[in-house]
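Biologist: Hi! Could you walk me through this model?
Modeller: Happy to, here it is.

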Amino acid sequence: MRARDFAIVVGTGTPGPHNAITDVPGVRVGHTTLVAGTGPRVVGQGPVRTGVTVILPHEGSAFDEPLYAGVHWLNGNGEMTGMPFLQEFGLLASPVGLTNTGSVGVVRDAFVEIEVGSLARGRQAWSLPVVAETWDGLLNDIDGQHVTAAHVKEAYESASGGPVAEGAVGGGTGMICHGFKGGIGTASRVVDGYTVGVLVQANHGRRDRLTVNGVNVGRSLPASGLVNEEAGSIIGIVATDAPLLPHQCRRLAQRASLGVARTGGAGENSSGDGFLCFSTGNRNLPASALDARGPRTFQVTVLADDHIDPLFYAVIEATEEAIVNALVAAETMTGADDLTVPGLDGASLAEMLNPGT
């Protein structure tokens with residue numbers, strides 16, 4: 001179930017057909033979800049409540065066909081690999097992986113292995129993959145590092161367009177948001193002939209700050225009882241088919257943080273809040289492969305900055321709705337040491353927003 005299934009409509013913009021990041025043509029999402037064991041935490045054994053989510057930015061090879069991209073950090077207590085290259089060249093040249101803090105290296109190395117396996121004989125791989133994380137150590141045996149390369153490949157190979165599974169799936173399996181079960185959420189907006197899609201891995205926020213459509217609902221709810229509930233993070237991935245340059249992608253990524261703020265997120269000291277935006281509007285960029293020989297010059301199409309505001313608004317709304325979708329979709333979960341984190345009931349939320357309807 002999603003927010004709109006309960007008549008919770010965020011903002012005034014028009015969603016795409018699936019109200020998901022996959023509404024941007026060519027973008028695909030795959031999850032591998034790992035749930036096993038109950039009871040006391042035993043490092044290396046479980047309980048396991050984690051996974052990996054893979055975003056493929058277009059229908060071609062992300063390793064060989066880069067896209068313009070930009071990144072913004074609201075608070076830097078987190079990790080997203082491949083950032084020096086992306087910031088220097090303004091290019092995304094890999095899939096995007098989302099997982100838990102302890103599994104970033106495994107996912108990154110699996111992406112390299114996938115690239116190596118796709119190359120023709122005699123070619124060498126060159127890859128600085130993008131993998132981001134949030135911490136699921138309350139519900140999951142995070143130190144056990146249960147995500148493997150096989151799980152990454154499964155998510156990569158299963159990635160598809162259309163509706164996207166949300167809540168406690170993939171990298172979002174063990175995540176907590178505003179004191180409720182959180183995880184993966186997505187939404188989209190169509191504006192001026194372009195599509196903007198956002199996918200979040202939501203693991204952030206205090207319950208008493210939770211706000212939906214401008215209404216603080218968190219103060220009307222019982223306290224979560226979680227210690228340091230704000231000690232989490234959110235990763236947001238923005239995709240658009242608008243033809244943007246890297247600096248414009250960075251500006252869209254920055255606006256995703258405003259969507260976080262609208263739901264009550266504040267980029268707390270212990271939170272790692274990072275946002276990446278890529279544009280599929282120019283698919284003729286020179287290949288990033290090690291042995292590629294690109295043209296001396298090439299042409300791109302660029303949206304004028306004077307016309308970018310509607311995309312800003314689209315990112316803000318889609319980020320806000322993606323967070324609400326993550327909350328509504330995620331069901332109550334019991335994890336390590338028998339900790340139970342409740343899901344946010346969509347019907348109850350709707351009643352709080354529109355009492356008596």
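Biologist: How do the residues lining the largest pocket divide by class?
Modeller: The lining of the largest pocket divides into eight nonpolar, five polar and two charged residues. Here Ala, Val, Leu, Ile, Met, Phe, Trp, Tyr, Cys and Pro count as nonpolar, Asp, Glu, Lys and Arg as charged, and the others, Gly among them, as polar.

Biologist: Before we go on, what kind of model is this?
Modeller: This is a predicted model: local features need pLDDT of at least 70, side-chain atom pairs count only at pLDDT 80 or more, and totals for chains, interfaces and linings use all residues. Residues are numbered from 1 along each chain as its sequence is written, and side-chain values use heavy atoms, with hydrogens and water left out.

Biologist: Back to the pocket, then. What is its volume, and which residues lie nearest its centre?
Modeller: The largest pocket has a volume of about 190 Å³. It is lined by 15 residues, of which Trp135, Leu138, Asn228, Glu229 and Ala231 lie nearest the centre. On a 1 Å grid over the protein atoms alone, a pocket is an open set of points with protein on both sides within 12 Å along at least five of seven lines, a cavity is a set where a 1.4 Å probe fits but cannot get out, and lining residues have an atom within 4 Å of a point. Grid points are joined across faces, edges and corners, and a volume is the space filled by probe spheres set on the points.

Biologist: Changing topic: at what angle do H4 and H5 pack?
Modeller: Helix H4 (residues 246-262) and helix H5 (residues 309-329) pack at about 45°, with axes 7 Å apart. That makes H4 oblique to H5; angles under 35 degrees count as roughly parallel, over 145 as roughly antiparallel, 65 to 115 as roughly perpendicular and the rest as oblique. Axes are lines fitted to C-alpha atoms, for helices over the stretch in contact, and angles run from 0 to 180 degrees between N-to-C directions.

Biologist: What about H2 and H3?
Modeller: Helix H2 (residues 104-118) packs with helix H3 (residues 149-158) at about 60°, and their axes are 9 Å apart. Val106, Val107, Ala110, Phe111, Glu113 and Ile114 of H2 meet Ala149, Val152, Lys153 and Tyr156 of H3, where contact means heavy atoms within 4.5 Å. By class, that contact has eight nonpolar, no polar and two charged residues.

Biologist: Last one: which peptide bond is cis, and where is its proline?
Modeller: The bond from Gly46 to Pro47 is cis, with omega near 0°. Pro47 is in the loop between strand S1 (28-36) and strand S2 (48-56).

Note on methods. Helices (H or I, at least four residues) and strands (E, at least two) are DSSP runs, numbered from the N terminus.
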